[in-house]
Amino acid sequence: MARGKKVYEQYCLTCHQVDGSGVPHLNPPLIKTTFVLGDKPALVQVILKGMQSSVPIDDEYYSNNMPPHNFLKDQEIADVLTYVRNNFGNKASAVTAAEVKAIRAKN
């Protein structure tokens, strides 16, 4: 969790805020959203490919582009997603480096 927090603070905090609340209509919150708690492959894809379109997350639209973070190592992505999925009031299964590696290989 400490490694994930470090990655979050370096790459995610500016847009998603210290408490994971995001910025209304710009950057989605990471607090108990179906996107964060749901499909791990979709979440990994957002890190790898970024998000360039306005996407509804729990019936709210967010329009700020997120750049790809595919420069992060598989373990860093697993760490930060595990951190996000288990902080900010969230409780979800961990993401492993092996899962990230498999998803990255499909791109």
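Reply: Leaving aside neighbours within four places in sequence, His16 is in contact with Tyr8, Ser21, Gly22, Asn27, Pro28 and Leu30, where contact means heavy atoms within 4.5 Å. The model is a predicted one: local features need pLDDT of at least 70, side-chain atom pairs count only at pLDDT 80 or more, and totals for chains, interfaces and linings use all residues. Numbering starts from 1 along each chain as its sequence is written, and side-chain values use heavy atoms, with hydrogens and water left out.

His16 belongs to helix H2, residues 13–16. Helices here are DSSP runs of H or I with at least four residues, strands are runs of E with at least two, and both are numbered from the N terminus. With a relative accessibility of 13%, His16 counts as buried; buried means under 20% relative accessible area, exposed means over 50%, and partly exposed is in between, using a 1.4 Å probe and protein chains only. The His16 side chain also reaches the backbone oxygen of Pro28, at 2.8 Å. This falls under the term polar contact, a pair of N or O atoms within 3.5 Å; within protein, one must be able to donate a hydrogen and the other to accept it, and residues adjacent in sequence count only if both atoms are side-chain atoms.

Gln17 lies in the loop between H2 and H3 and is partly exposed, at 26% relative accessibility. Not counting residues up to four places away in sequence, Gln17 touches Tyr8, Cys12, Gly22 and Val23. Gln17 and Asn27 are 10 residues apart along the chain, with their C-alpha atoms separated by 9.2 Å.

Lys32 is placed in the loop between H2 and helix H3 (34–37). Lys32 is exposed, with a relative accessible area of 54%, and has a positive phi of about 50° although it is not a glycine. Most residues other than glycine have a negative phi.

Which helices hold Tyr8 and its ring partner Tyr83? The structure has 4 aromatic pairs. In one of them, Tyr8 and Tyr83 are 5.7 Å apart centre to centre, with 45° between the planes, and the pair is tilted. Tyr8 is in helix H1 and Tyr83 in helix H5, so this pair ties together parts that are 75 residues apart in sequence. Rings of Phe, Tyr and Trp (its six-membered ring) pair if their centres lie within 6.5 Å; planes under 30 degrees apart count as stacked, over 60 as edge-to-face and the rest as tilted.

Tyr8 is buried, at 1% relative accessible area, and Tyr83 is buried too, at 9%. The ring centres of Tyr83 and Phe88 lie 5.9 Å apart with the planes at 85°, so that pair is edge-to-face. Phe88 is buried as well, with a relative accessible area of 16%. Tyr8, Tyr83 and Phe88 form one aromatic cluster.

H1 (residues 2–11) and H5 (residues 74–85) meet at an angle of about 95°, and their axes are 7 Å apart. The axes are lines fitted to C-alpha atoms, for helices over the stretch in contact, and angles run from 0 to 180 degrees between N-to-C directions. H1 and H5 are therefore roughly perpendicular to each other; angles of 65 to 115 degrees carry that label, while under 35 degrees counts as roughly parallel, over 145 as roughly antiparallel and the rest as oblique. On the H1 side, Arg3, Gly4, Lys5, Val7 and Tyr8 meet Gln75, Glu76, Asp79, Val80, Tyr83 and Val84 of H5. By class, this contact has 5 nonpolar, 2 polar and 4 charged residues. Ala, Val, Leu, Ile, Met, Phe, Trp, Tyr, Cys and Pro count as nonpolar, Asp, Glu, Lys and Arg as charged, and the others, Gly among them, as polar.

H5 has a further neighbour in helix H4, whose buried residues pack against H3, H5 and helix H6 (97–105). In H4 (residues 40–49), the buried residues are Lys40, Leu43, Val44, Val46, Ile47 and Leu48. Asp39 caps the N-terminal end of H4, with a side-chain oxygen 3.2 Å from the backbone nitrogen of Ala42.
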